[in-house]
Amino acid sequence: MTMVNKHLITGITGQDGIFLTSIILNNNPNDLVIGISRDQQNKEFFNKLKIISSEKVNSNNIKILNSNLENKNEVNSLIKKTSPDFIYNLTGPSSVYKSMLNNDDTYEKITIIFDNLINAVINNNSCNFFQASSSEMFDLSENPLDENSKFKTRSPYAKAKLHVHEYIQKIKSNYEINISSGIMFNHESEFRNDEYLIMKIIKTAILISKKKEDSLKIGSVDIIRDWSYAGDMADAIFKINNINNCEDYVIGSGKGNKIELILDIVFEHFNLDWKDFVTIDNSLLRKGDPKSIVSNPKKIYEDTGWKAQTSLEQIIKKCINFKKNNYS
């Protein structure tokens, strides 16, 4: 008899949740995915899932629930009722900029949701638990960042993520729970919202090509970041939560690229020179933002064989092809 596992994904309608659902059911077609979402985008979720999934993915094996993860009793009841074998906590505020505007709200949401989930797991059943952490936790460094690099937060978002990350280390010492923190670097996909940098550049370039816009304002072209594809990132999440070693991992491509390269790739696609349309406004930069953030993903490669498969150019082309018909 085939064993059926239950996978609980918070924030399932986000880009990571969509790709993770596809990967889980591609690998285990008979498993059950239970998604938690409060944004009521179920139809959009299934439409996006079809775009990236094989015939193995059966939507009948996906159940999306509307649950308030900030309510302790509701979460306790959820975990008790669903009894998941795997939990992937991908939910919560994800914008560093917005966290500056709503610092208390961001911090409380991230920490309360984690507290409620992990306490429910401790009280009800043992399962594999993956926590989405962030490279925003790291201190400034000219060297690639790994699991032993120093932390120093510069935003309420990063502060909350670090609080959870450090709490996880205590949990490992006190409970027999297979819990891992995945320190995720920048990752994008065709399903990302327009407020994020790559999508903002693509959207504006499309509108400029249609003569609907005439300029793009950004903070810098020299900042270096480590961008991966959300599909690759979800594959890493899946691998980490299935190896049962209770380790934390840096997840990134290990390659740093300047924003200037993104501009080159995007505007060249539309036969435009970005220098004719882009203006630099340093006031758009966050105070204390590091010039360079690049990962060292050696540990995850050694333990799971995972490495990023999709180049920055391939990511951008996927995003352009998905988005270019959306803006009239």
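Biologist: How many aromatic pairs does the count come to?
Modeller: Nine aromatic pairs. Bear in mind that this is a predicted model.

Biologist: Take phenylalanine 19 and phenylalanine 191. Why is the pair called tilted?
Modeller: Their planes are at 35°, so the pair is tilted. Stacked needs under 30 degrees, and edge-to-face needs over 60. The ring centres are 5.5 Å apart.

Biologist: Where in the chain are phenylalanine 19 and phenylalanine 191?
Modeller: Phenylalanine 19 is in helix H1, residues 15-27. Phenylalanine 191 is in the loop between strand S7 (187-188) and helix H7 (197-209). The pair links distant parts of the chain, 172 residues apart.

Biologist: Are phenylalanine 19 and phenylalanine 191 buried or exposed?
Modeller: Both are buried.

Biologist: Which residues form one aromatic cluster with Phe19 and Phe191?
Modeller: Tyr229 and Phe322.

Biologist: Next, phenylalanine 45 and phenylalanine 46. What kind of pair is that?
Modeller: Their planes are at 80°, so the pair is edge-to-face. The centres are 5.0 Å apart.

Biologist: And is phenylalanine 45 buried or exposed?
Modeller: Phenylalanine 45 is buried, at 1% relative accessible area. Phenylalanine 46 has 24% relative accessibility, so it counts as partly exposed. The cut-off for buried is under 20%.

Biologist: New topic: charges over rings. What lies over the face of tyrosine 196?
Modeller: Arginine 192 does, at 3.8 Å from the ring centre.

Biologist: And which residue has its charged end over the ring of tyrosine 249?
Modeller: Lysine 299. Its charged end is 4.9 Å from the centre of that ring.

Conventions
Residues numbered from 1 in each chain as written. Predicted model: local features only at pLDDT ≥ 70, side-chain atom pairs only at ≥ 80, totals over all residues. Heavy atoms only, no water. Phe/Tyr/Trp six-rings, centres within 6.5 Å; stacked < 30°, edge-to-face > 60°. Helix = DSSP H or I, 4+ residues; strand = E, 2+ residues; numbered from the N terminus. Buried < 20%, exposed > 50% of the residue type's maximum accessible area, 1.4 Å probe, protein only. Lys NZ or Arg CZ within 6 Å of the ring centre and 35° of its normal.
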